[in-house]
Number of protein chains: 2
Amino acid sequence: MQPVNCIRDCPEIFSAETNMTETFNPLKLENQLCFPLYVCAKEVIRRYKPFLDELDLTYTQYITMMALWEHRSLSIKGLGKILFLDSGTLTPVIKSLEKKGYVIRERSKDDERVVNVTLTEQGSSLYNEALQVPVKMSSCIELSAEEAGTLYSILHKLADNLTEEN
Amino acid sequence: MQPVNCIRDCPEIFSAETNMTETFNPLKLENQLCFPLYVCAKEVIRRYKPFLDELDLTYTQYITMMALWEHRSLSIKGLGKILFLDSGTLTPVIKSLEKKGYVIRERSKDDERVVNVTLTEQGSSLYNEALQVPVKMSSCIELSAEEAGTLYSILHKLADNLTEEN
DNA sequence: TTCTATTAGATTGTGTACAATTGAATTGTA
DNA sequence: TACAATTCAATTGTACACAATCTAATAGAA
């Protein structure tokens, strides 16, 4: 990726408020904030792939399992709120997890519209193998503890800002 | 998104080197670094959509046009290096841009394997309308100048680290 | 209570992403 | 110079991601 000279080279943030001096070009890739975000997300997920392949999970299936390891059972809607995914994405992901035997899907008796997704025994026990995934990933991301912490908190602030009140 | 308490709550970074005290759980979504990255990338791109719709561009087409506004003409391989995309993704994107009249595709005379993608007059002049996109986006991202700059440089460091050497 | 509005999830259609393969062109080497 | 290896782009197959639509179920209001 390109080097960066100064803080105002982030057009989504600065183009409106900064005085546009000589050569500053808000449509250059190197001046974007979203583009490296998009590249990093893709590349980190690509680094997950070999480790997730060992569990026969995709990244989307992995984060779905994480939500279920924490909550045991969730509706499609509940999963969507946690993962920021809609039913168009989740329905096939969950059917795939069901086929692998990690979850079961069943209509709620209280409200027939609701589909509850629940971990099976096999899905629960996958947790122990999955514990190796973050361990292995940690060696792929060469950021200092401070940088990682800073990145973490800025991303959470940004995510809150972008996803609030839809 | 969930609140964060302390810097070690980033398992991809910390799980290998940190002493695992009592309840720290590396497989919780709130303890991931990749998950908010993935969510932010998706959500920022979603915010682009209404502005890009006005230009009849998708985000992938938009970054492709950015590369071409800067370089005028590039091979598929050249575009792939800049955008971190492979031919399987780029071929349909470029055919779509060709259909809209923004680029032309032609085999290189020097090397018939190479396809050069070149801006048309119409593609070039789209630049002027596209200048409004970063202006409009700047009001969607509520980060301070300092946070944006910090995010920018950490993401570039991470991208360099993830994409170096193929 | 009946009719309307809302909600949950599934489906459809479009557009990425990427791994793996293919085929044509070029390069490197014996 | 042949011929094996490499390179470039296209194609194929799988898996998202989301907008828009659809259907069934539930809730709300007259």
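In chain B, three strands make an open sheet in the order S1-S3-S2, and the pairing is antiparallel. Strands here are DSSP runs of E with at least two residues, helices are runs of H or I with at least four residues, and both are numbered from the N terminus. Two strands count as paired if DSSP finds at least two bridges between them. Strand S1 (73-75) and S2 of chain B stand at the edges with a single partner strand each, so one side of each has no neighbour in the sheet. Direction ignored, neighbouring strands of this sheet are turned by 25 degrees against each other on average. The axes behind such angles are lines fitted to C-alpha atoms, for helices over the stretch in contact, and angles run from 0 to 180 degrees between N-to-C directions. Three bridges connect S1(B) with strand S3 (residues 115-119) of chain B in the antiparallel sense. Within this pairing, Ser73(B) stands opposite Thr118(B) in S3(B).

The model is predicted; local features need pLDDT of at least 70 and side-chain atom pairs count only at pLDDT 80 or more, while totals for chains, interfaces and linings use all residues. Residues are numbered from 1 along each chain as its sequence is written, chains are lettered from A and ligands numbered from 1 in the order in which they are written, and side-chain values use heavy atoms, with hydrogens and water left out.

Chain A also has an open sheet of three strands, ordered S1-S3-S2 with antiparallel pairing. Strand S1 (73-75) and strand S2 (103-107) of chain A are at the edges and have a single partner strand each, so one side of each is left without a neighbour in the sheet. S1(A) runs antiparallel to strand S3 (residues 115-119) of chain A, and three bridges join them. Leu74(A) has Val117(A) as its bridge partner in S3(A).

Next come the surfaces near the DNA strands. A residue is near a strand if one of its heavy atoms lies within 4 Å of it. DNA strand D is surrounded by 28 residues, and the closest are Thr58(A), Tyr38(B), Lys77(B), Thr91(B) and Arg105(B). Of the atoms of DNA strand D within 4 Å of the protein, 79% belong to sugar or phosphate and the rest to bases. At least two residues of this surface come from each of helix H3 (59-71) and helix H5 (87-100) of chain A, and from each of helix H2 (34-53), helix H4 (76-83), helix H5 (87-100) and strand S2 (103-107) of chain B. H5(B) supplies the largest share, four residues. The surface near DNA strand D divides into seven nonpolar, nine polar and twelve charged residues. In these classes, Ala, Val, Leu, Ile, Met, Phe, Trp, Tyr, Cys and Pro count as nonpolar, Asp, Glu, Lys and Arg as charged, and the others, Gly among them, as polar.

DNA strand C has 27 residues around it, the closest being Tyr38(A), Lys77(A), Thr91(A), Arg105(A) and Thr58(B). For DNA strand C, 79% of the atoms within 4 Å of the protein belong to sugar or phosphate and the rest to bases. H5(A) gives the most to this surface, with four residues. By class, the surface near DNA strand C holds seven nonpolar, nine polar and eleven charged residues.

| Residue and atom | DNA strand | Distance to a phosphate oxygen |
|---|---|---|
| Tyr38(B), polar side-chain atom | D | 2.6 Å |
| Arg46(B), side-chain N or O atom | D | 2.9 Å |
| Arg105(B), polar side-chain atom | D | 2.6 Å |
| Lys77(A), polar backbone atom | C | 2.6 Å |
| Gln61(B), side-chain N or O atom | C | 3.1 Å |
| Glu112(B), polar backbone atom | C | 3.0 Å |

Elements giving two or more residues to the surface near DNA strand C are helix H2 (34-53), helix H4 (76-83) and H5 of chain A, together with helix H3 (59-71) and H5 of chain B.

The structure holds one cavity of 30 Å³ or more. A cavity is a set of points, on a 1 Å grid over the protein atoms alone, where a 1.4 Å probe fits but cannot get out; lining residues have an atom within 4 Å of a point. The volume of the largest cavity is about 30 Å³, where a volume is the space filled by probe spheres set on the points, and grid points are joined across faces, edges and corners. Its lining consists of Leu33(A), Cys34(A), Leu37(A), Leu158(A), Val44(B), Ile141(B) and Leu151(B). The residues lining the largest cavity are seven nonpolar, no polar and no charged.

Notes
1 Å grid on protein atoms, 1.4 Å probe; cavity = no way out; pocket = protein on both sides within 12 Å on 5 of 7 lines; lining within 4 Å. Polar contact = N/O pair within 3.5 Å; in protein donor to acceptor, adjacent residues only side chain to side chain.
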